[in-house]
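This report covers the fold, the metal site, ring contacts, charge pairs and backbone details. The structure comes first.

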Amino acid sequence: MMAVKVKNSLENTALELFGLDASRVQNISTSPGIGQMLVEVTLVPAFPECPRCGGHNIVVFNYTPRVINHDVLTDRKCTLIYNARRYKCKDCHRTYGEDNPFAMKRQRISILTGKAIIEDLRSPNETFASVGERHHVSATTVMKIFDMCVSYPVPVKLCRVMQIDETYSFKSDDSKYVCMLLDYDAQSPVDVLPSRKRSIWQLISESFPEARETEWSTSRPICTGPTGR
Ligand SMILES: [Zn+2]
């Protein structure tokens with residue numbers, strides 16, 4: 001009796017964690033283990049129209065279990081086994097997958113885990129490795145998620161005063177440091193370049209290719225570091 005109650009409560013928790021409406025779920029089962037929880041989910045079939053011919057004569061073709069790492073439970077690893085359904089159009093024989101509401105593109109990581117990873121990376125004290133360890137994924141995966149999710153606007157106009165400095169980084173192309181260009185007035189980053197091993201003007205032209213002709217003639221260094229470059 002108790003076992004059934006706990007099982008149901010875990011299933012409800014799992015639904016909440018994945019942000020799923022119970023009406024979308026055909027089957028969900030949970031099996032708690034030491035240090036991790038397994039959740040298996042099959043969604044209600046929606047029989048979407050055929051993407052090729054627009055037909056509505058659709059049948060379920062097969063199921064492929066997909067393993068997705070999910071760690072909204074902070075105290076243990078949570079693995080989601082999602083039985084991804086494929087449909088088949090009986091008119092044109094095309095097969096196609098249902099919408100996967102769980103995983104980020106090309107990653108076996110859930111959307112919620114991705115969001116949590118990006119949120120953690122906002123802290124300057126965190127590294128890719130420390131965030132990866134917390135979320136049970138490798139540092140390389142954290143880097144990939146960062147590259148996929150984070151972008152900043154491409155600078156188009158030189159700022160009035162630009163600061164150039166190096167800051168420690170995990171690894172860039174050819175050094176342990178990346179070169180940061182900062183807008184002095186706004187006190188905000190303008191660009192991050194792989195290395196400082198070039199002259200100031202080479203660095204600026206990398207970030208502001210458009211500014212070369214129009215603005216450079218009026219630019220001058222007001223203070224340079226020990227190398228004087
Ligand atoms: Zn079709």
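## Terms and model

A residue is buried if its relative accessible area is under 20%, exposed if over 50%, and partly exposed in between, with a 1.4 Å probe and protein chains only. The model is predicted: local features need pLDDT of at least 70, side-chain atom pairs count only at pLDDT 80 or more, and totals for chains, interfaces and linings use all residues. Residues are numbered from 1 along each chain as its sequence is written, and side-chain values use heavy atoms, with hydrogens and water left out.

## Fold

Helices and strands are DSSP runs numbered from the N terminus (H or I, at least four residues, for helices; E, at least two, for strands). The protein chain has six helices and eight strands. Read from the N terminus, the elements run α-β-β-β-β-β-α-α-α-β-β-β-α-α.

Of the 229 residues in the protein chain, 34% are buried. Leu181 is one example of a buried residue: its relative accessible area is 0%. Leu181 sits in strand β7 (residues 177-183).

## Zinc site

Donors are N, O and S atoms within 2.8 Å of the metal (3.2 Å for Na, K and Ca); water is not among the atoms, so sites may look incomplete. The zinc ion has four protein donors: the SG atoms of Cys50, Cys53, Cys89 and Cys92, at 2.3 to 2.4 Å. Along the chain, these donors follow the spacing C-x2-C-x35-C-x2-C. Cys89 and Cys92 are both buried.

Which geometry do the four donor atoms give? The arrangement is tetrahedral, because the angles around the zinc ion are 102 to 117°. The rule for four tetrahedral donors is that all angles lie between 85 and 135 degrees. Ideal angles for four tetrahedral donors are 109.5 degrees.

## Aromatic pairs

Rings of Phe, Tyr and Trp (its six-membered ring) pair if their centres lie within 6.5 Å; planes under 30 degrees apart count as stacked, over 60 as edge-to-face, and the rest as tilted. The count comes to three aromatic pairs. One of them is Tyr87 with Tyr96, a tilted pair at 5.8 Å centre to centre and 40° between the planes. Both tyrosines, Tyr87 and Tyr96, are buried.

Phe128 and Phe146 form an edge-to-face pair, 5.8 Å centre to centre with 65° between the planes. Phe128 lies in helix α3 (residues 128-134) and Phe146 in helix α4 (residues 139-149), so the pair ties together parts that are 18 residues apart in sequence. Phe128 counts as buried because its relative accessibility is 12%. Phe146 is partly exposed, at 30%. Elsewhere, ring pairs link Phe47, Tyr87 and Tyr96 into a cluster.

## Salt bridges

A salt bridge is a side-chain nitrogen of Lys or Arg within 4 Å of a carboxyl oxygen of Asp or Glu. The whole structure has five salt bridges. Arg134 and Asp120 meet at 2.7 Å, N to O. Arg134 lies in helix α3 and Asp120 in helix α2 (residues 111-121), so this pair ties together parts that are 14 residues apart in sequence. Arg134 also meets Glu126, at 3.0 Å, N to O. Arg134 is partly exposed at 39%, and Glu126 is partly exposed at 22%.

Arg160 bridges to Asp185, with the closest N and O atoms 2.9 Å apart. Arg160 lies in the loop between α4 and β6 (162-168) and Asp185 in the loop between β7 and β8 (188-193), so the pair ties together parts that are 25 residues apart in sequence. Arg160 is exposed at 65%, whereas Asp185 is partly exposed at 43%. Through shared partners, salt bridges join Asp120, Glu126 and Arg134 into one network.

## Backbone and surface

Phe47 lies in the loop between β2 (36-43) and β3, and is partly exposed at 38% relative accessibility. His136 has a positive phi too, about 60°. His136 lies in the loop between α3 and α4 and is partly exposed at 34%.

Phe47, Val60 and Tyr63 make a nonpolar surface patch of about 250 Å². Patches are made of residues with over 30% relative accessible area and no salt bridge; like charges are joined within 9 Å, nonpolar side chains (Val, Leu, Ile, Met, Phe, Trp, Tyr) within 5 Å. Accessible areas come from the Shrake-Rupley method with a 1.4 Å probe; for residues, only the protein chains shown count as cover. Val60 belongs to strand β3 (residues 58-70) and is partly exposed at 32%.

Notes: Tetrahedral: all angles 85-135°; square planar, octahedral: opposite > 155°, others 65-115°.
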